[in-house]
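This report covers the fold of one chain and the setting of one of its residues. Start with the structure itself.

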Amino acid sequence: GPLRDGFTTGTSATAAVKAALVSIIEQKKQTKVNVHLPIDKILEIKIHTNEFTTNWAKCSVIKDAGDDPDVTNGAEVGCEIQLTDSKEIKFVGGEGVGTVTLPGLELAVGEPAINPVPRKMMTSAVQKLLHNFDLECGLVISIFVTNGKALAKRTLNERVGILNGISILGTSGIVKPYSSSSYIASIEQGIDVAVANGI
């Protein structure tokens, strides 16, 4: 039969962030959330854990890669969010999320390895909620991956200078089983880093 699609670490993180913010706003534990994907599709994601106070929340999702033999399939991807007085939305890397240490990637050296598309997905979801509920605040978003440091050893991250964890990835939000696109992207990243470092 046809192989089952899954969803990316970027989609997982976006679901966690959205559910975390809703739990603060509604002061109610969330069990599922809808995520708008970059391919103009909506995916319902089940929430694994959710804790909250009036200005802080922690939330996680179990990543489902479908029928793809993805290293991060079944991994717990989550966030801690803190409301702030500034209007800024700031991303920080929590436990298990890698840090960029070499130039040549889409992210600056020292940044957490949360790629541009997942950042945009999370930012859009948060801004929509803040607007809908007339909230004048910002957020610090810390993304974590349980056992991410160990999982990263089974990826090509260290070769491109992403250390101490995995990357939060995804361009479409969907994982296509046995697709070569992610492998091609990792080769491109390797070449970009090599060029930027004069190798």
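## Burial and basis

A residue is buried under 20% relative accessible area, exposed over 50%, and partly exposed in between (1.4 Å probe, protein chains only). By that cut-off, 44% of the 199 residues in the protein chain are buried.

The model is predicted: local features need pLDDT of at least 70, side-chain atom pairs count only at pLDDT 80 or more, and totals for chains, interfaces and linings use all residues. Numbering runs from 1 along each chain as its sequence is written, and side-chain values use heavy atoms, with hydrogens and water left out.

## Overall fold

The protein chain has 4 helices and 11 strands (DSSP runs: H or I of at least four residues for helices, E of at least two for strands, numbered from the N terminus). Its C-alpha atoms fill a box of roughly 50 × 45 × 30 Å along the principal axes.

Contact means heavy atoms within 4.5 Å. Of the contacts between residues at least 6 apart in sequence, 69% join residues at least 24 apart.

## Ser 60

Ser 60 sits in strand S5, residues 56-62. Ser 60 is buried, with a relative accessible area of 0%. Leaving out residues up to four places away in sequence, Ser 60 touches Ala 16, Ile 47, His 48, Thr 49, Glu 76, Val 77, Gly 78 and Phe 144.

Two of these neighbours also make polar contacts (N or O atoms within 3.5 Å; within protein, one able to donate a hydrogen and the other to accept it, and residues adjacent in sequence counting only if both atoms are side-chain atoms). The Ser 60 side chain meets that of Thr 49 at 2.6 Å. The side chain of Glu 76 pairs with that of Ser 60 at 2.7 Å.
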